[in-house]
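Please keep the sequence and the structure in view while reading.

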Amino acid sequence: MILDESTAHKTAELLLQINAIKLNPQEPFIWASGLKSPIYCDNRIILSYPPIRNFIVSELAKSIETLFGKPDIIAGVATGAIGVGAIIADYLGLPFVYVRPEPKKHGRKNQIEGKLDPHANVVVIEDLISTGKSSLNAIKALKEEGQANIKGMMAIFTYGFNEAETRFKEEHIDVYTLGNYDILLEEAYKTNYLNKKELELLKTWREDPANWNT
């Protein structure tokens, strides 16, 4: 669920402006999964642009307090949400931890890095939600290893895949995002980043990513 439509349009404008999101339906990107995609999103680039970084952080931080009250701790999902998550925690004056995709193979073999008190109220930060698997993997670790009470998840952007929404619903996790795919396309078309034909092509990708453009 997006937090606010006007904020979603502003977020889309900024992400396109700094090339954190790139759209290229003619020459699709290949994801690590092998999926062909006309969109590539790397929100870590936000960290290099202080005014945009401050906008993203302040919008997410204010929404956390509005939706969940003040949690005990902020948790970032590695690696993309470590930076922005830490800054949000600093903004709110809260402790911060981050969650690896899996436990380290050496040392203390941690999956959660930082001090997480048992039964703490946690808000999880993601930079990007695609299928939801990595997000829910992090939440599982926080619940099992840290005995955390997950208040909800906040993310910068979501593709809005049905499978992700289904997974979060099944796990009873409330997810809120600054931006989403539909509003991104609206903004890209409005600002002539995309023409009408490209817009329609990008819409079909989200409907069936696995078989798009085959």
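Two strands count as paired if DSSP finds at least two bridges between them. Helices (H or I, at least four residues) and strands (E, at least two) are DSSP runs, numbered from the N terminus. The model is a predicted one, in which local features need pLDDT of at least 70 and side-chain atom pairs count only at pLDDT 80 or more, while totals for chains, interfaces and linings use all residues. Residues are numbered from 1 along each chain as its sequence is written, and side-chain values use heavy atoms, with hydrogens and water left out.

**Strand β9 and its neighbours**

Thr158 stands opposite Asn180 in β10. Strand β10 (residues 175-180) is joined to β9 by 5 bridges, and the two run parallel. Together with helix α5 (residues 162-170), β9 and β10 make a right-handed β-α-β unit.

From β8 the chain passes through helix α4 (residues 133-144) to β9, in a β-α-β crossover that is right-handed.

Is β9 enclosed or open? Of the 10 residues of β9 (residues 149-158), 8 are buried, so the strand is largely enclosed by the rest of the structure. Buried means under 20% relative accessible area, exposed over 50%, and partly exposed in between (1.4 Å probe, protein chains only).

**Pockets**

A pocket is found on a 1 Å grid over the protein atoms alone, as an open set of points where a 1.4 Å probe fits, with protein on both sides within 12 Å along at least five of seven lines; lining residues have an atom within 4 Å of a point. Grid points are joined across faces, edges and corners, and a volume is the space filled by probe spheres set on the points.

The largest pocket has a volume of about 850 Å³. It is lined by 36 residues, and those closest to its centre are Trp31, Leu128, Ser130, Thr131 and Tyr159. Helix α4 gives the largest share of this lining, 5 residues. The lining divides into 15 nonpolar, 12 polar and 9 charged residues. In this count, Ala, Val, Leu, Ile, Met, Phe, Trp, Tyr, Cys and Pro are nonpolar, Asp, Glu, Lys and Arg are charged, and the others, Gly among them, are polar.

The second largest pocket holds about 380 Å³ of space. Among its 20 lining residues, Met1, Thr158, Glu165, Phe168 and Val175 are the closest to its centre.

**Aromatic pairs**

Rings of Phe, Tyr and Trp (its six-membered ring) pair if their centres lie within 6.5 Å; planes under 30 degrees apart count as stacked, over 60 as edge-to-face and the rest as tilted. By this rule there are 9 aromatic pairs. Two of them are listed here.

| Pair | Centre to centre | Angle between planes | Type |
|---|---|---|---|
| Trp31 and Trp205 | 5.8 Å | 85° | edge-to-face |
| Phe68 and Tyr176 | 6.0 Å | 70° | edge-to-face |

Trp31 lies in the loop between β2 (29-30) and β3 (36-37), and Trp205 lies in helix α7, 174 residues apart. Both Trp31 and Trp205 are buried. Phe68 is in helix α2 (residues 50-68) and Tyr176 in strand β10, so their pair ties together parts that are 108 residues apart in sequence.

Key. Right-handed = clockwise from strand over helix to strand, strands pointing away.
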